[in-house]
Amino acid sequence: MPAVSRKGAVTAALAAVVITAQAVPQAWAGWSDQTGSKQAKGSKSGRTITVETKVQTSVNGDTRSARTGNLSSADSNWNPPACWYEPAFSPKEIEKTVKSWRGFGDGVPLFDGVGEFVGDYLDSRYKEGKPYKDYNLDKQGKGMFWAAAVNPNRKDDPEASACDKQPFWVDEGDTPKEPLAVNPRILAEYAYDELPVPGTEITMAPEGTTKVNLPTWIWLDKARFKKVSVTAGIPGSGLSATTTAEPVALTITPGTDDAETYPASGECPIENGRIGTPRPKGTPADTAPPCGVKYLRSSGDTSYNLQATVTWKISWTSTTGEGGDLPDGRFGAEQQVGVEEIQSINR
């Protein structure tokens with residue numbers, strides 16, 4: 001094989017030094033959803049060994065809405081974590097992983113011998129004392145190799161490449177000094193990314209088309225907008241965090257400057273568990289609503305893009321007693337509103 005071709009093949013192989021299905025510990029690879037939880041998927045990150053995360057999430061609270069979406073942070077400078085490190089391999093599993101690479105590429109043009117090269121690279125780290133000796137087999141049952149896991153919701157974020165360390169050893173009961181090692185807050189922030197919230201489709205009166213200078217009442221289905229919680233944890237560790245979202249306000253953006261909102265701030269608070277109030281039958285057309293909008297100019301042959309955004313207050317607790325608040329979350333949707341002039345009849 002020409003030297004250049006071999007080098008290219010080796011580079012390609014090293015770029016693929018990731019945990020594949022055969023290398024994922026069987027206890028996790030065979031895990032299936034039995035309680036509404038879901039198993040996240042790992043991803044590739046250059047030459048770093050990454051794993052499918054063990055973190056499991058379960059949803060509780062009211063999730064009856066058929067339409068759900070993920071929250072965006074009200075703080076533009078904050079996002080849930082894109083990656084972290086977590087317990088991944090026992091010494092025997094690291095040994096098995098290295099051996100599984102030995103036969104890679106045998107008899108395949110350009111890749112013949114690459115598996116041995118990769119195996120040597122891994123053995124130098126985990127077998128030959130640089131820095132681990134004999135895969136730490138003498139410590140079987142006394143700790144784990146921790147590896148990088150990527151948040152499947154953020155695998156394309158640039159921050160996902162921040163976890164670029166190869167698996168490292170942590171004795172049982174020890175807390176890694178690595179800042180990105182999984183901890184209650186990271187679990188809580190990951191759960192934030194998993195919060196299912198109902199779609200923000202408002203009800204309006206009048207429906208569809210409204211009139212210039214007449215108030216339009218706006219409200220949301222009370223039954224759908226309740227607290228919802230997601231618990232994220234590592235099975236068998238006793239470590240978990242629960243993140244809770246509570247709706248606190250509905251913000252109305254009319255889609256034009258030629259409009260007034262009720263209240264004037266455009267923010268309708270949650271009162272007695274309700275967002276806005278349905279317009280009672282027989283209410284005079286010019287009655288101001290507790291939550292709504294009044295358009296001052298016709299939309300002509302088009303319509304206005306009214307945006308309704310619910311703000312959710314986010315808090316978290318954990319099995320360690322740690323907890324607190326996370327940035328508010330927002331989720332909204334646009335609705336088309338046609339506005340017509342009031343037609344007068346001359347006699």
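Predicted model: local features only at pLDDT ≥ 70, side-chain atom pairs only at ≥ 80, totals over all residues.
Figure 1. In the pair shown here, the ring centres of Y126 and Y132 are 5.8 Å apart and the planes meet at 5°, so the two rings count as stacked. A pair of aromatic rings is described by the distance of the centres and the angle of the planes. Follow the ring pairs and you will meet a cluster made up of Y126, Y132, F145 and W169.

**Figure 2. D120 on helix α4.** Here we turn to D120, which has its place in helix α4, a helix that covers residues 114-126. Is D120 buried, exposed or partly exposed? With a relative accessible area of 43%, D120 is partly exposed; this value falls between the 20% limit for buried residues and the 50% limit for exposed ones. The view also takes in V98, whose C-alpha atom is 8.6 Å from that of D120, although 22 residues separate the two along the chain.

**Figure 3. The loop between α4 and β7.** This view is worth a slow look, residue by residue. P131 is found in the loop between α4 and β7, and the peptide bond that leads from K130 into P131 is cis, with omega near 10°. Y135 belongs to the loop between α4 and β7 as well. Its phi is near 60°, a positive value in a residue that is not glycine. Y135 is buried, its relative accessible area being 5%. N136 also sits in the loop between α4 and β7, and here too phi is positive in a non-glycine residue, at near 60°. For N136 the relative accessible area is 8%, and this residue is buried.

**Figure 4. A cis bond at P263.** Which two residues are joined by a cis peptide bond with omega of about -10°? They are Y262 and P263. P263 lies in the loop that runs between β15 (259-262) and β16 (267-271).

**Figure 5. The largest pocket and its lining.** Now for some open space: the largest pocket has a volume of about 600 Å³. Its lining is made of 26 residues, and those nearest the centre of the pocket are P87, W146, G173, D174 and S237. Two elements, β7 (143-150) and β8 (168-171), each contribute two or more residues to this lining. Strand β7 gives the largest share, with three residues. What classes of residue line the largest pocket? There are 11 nonpolar, eight polar and seven charged residues in the lining.

Figure 6. In soluble globular proteins, nonpolar side chains tend to be buried together. The largest nonpolar core in this model has 72 residues, and I218, L250, L306 and W312 are the ones with the most contacts inside it. Strand β19, residues 304-318, supplies the largest share of this core, namely seven residues. To explore the surroundings of I218, set aside its neighbours within four places in sequence; the contacts that remain are with I202, T203, M204, L250, I252, G276, T277, C291, G292, V293 and L306.

Terms used. Residues numbered from 1 in each chain as written. Heavy atoms only, no water. 1 Å grid on protein atoms, 1.4 Å probe; cavity = no way out; pocket = protein on both sides within 12 Å on 5 of 7 lines; lining within 4 Å. Points joined across faces, edges and corners; volume = space filled by probe spheres on them. Helix = DSSP H or I, 4+ residues; strand = E, 2+ residues; numbered from the N terminus. Nonpolar A, V, L, I, M, F, W, Y, C, P; charged D, E, K, R; others polar. Core = buried A, V, L, I, M, F, W, Y, C linked by side-chain atoms within 4.5 Å. Buried < 20%, exposed > 50% of the residue type's maximum accessible area, 1.4 Å probe, protein only. Contact = heavy atoms within 4.5 Å. Phe/Tyr/Trp six-rings, centres within 6.5 Å; stacked < 30°, edge-to-face > 60°.
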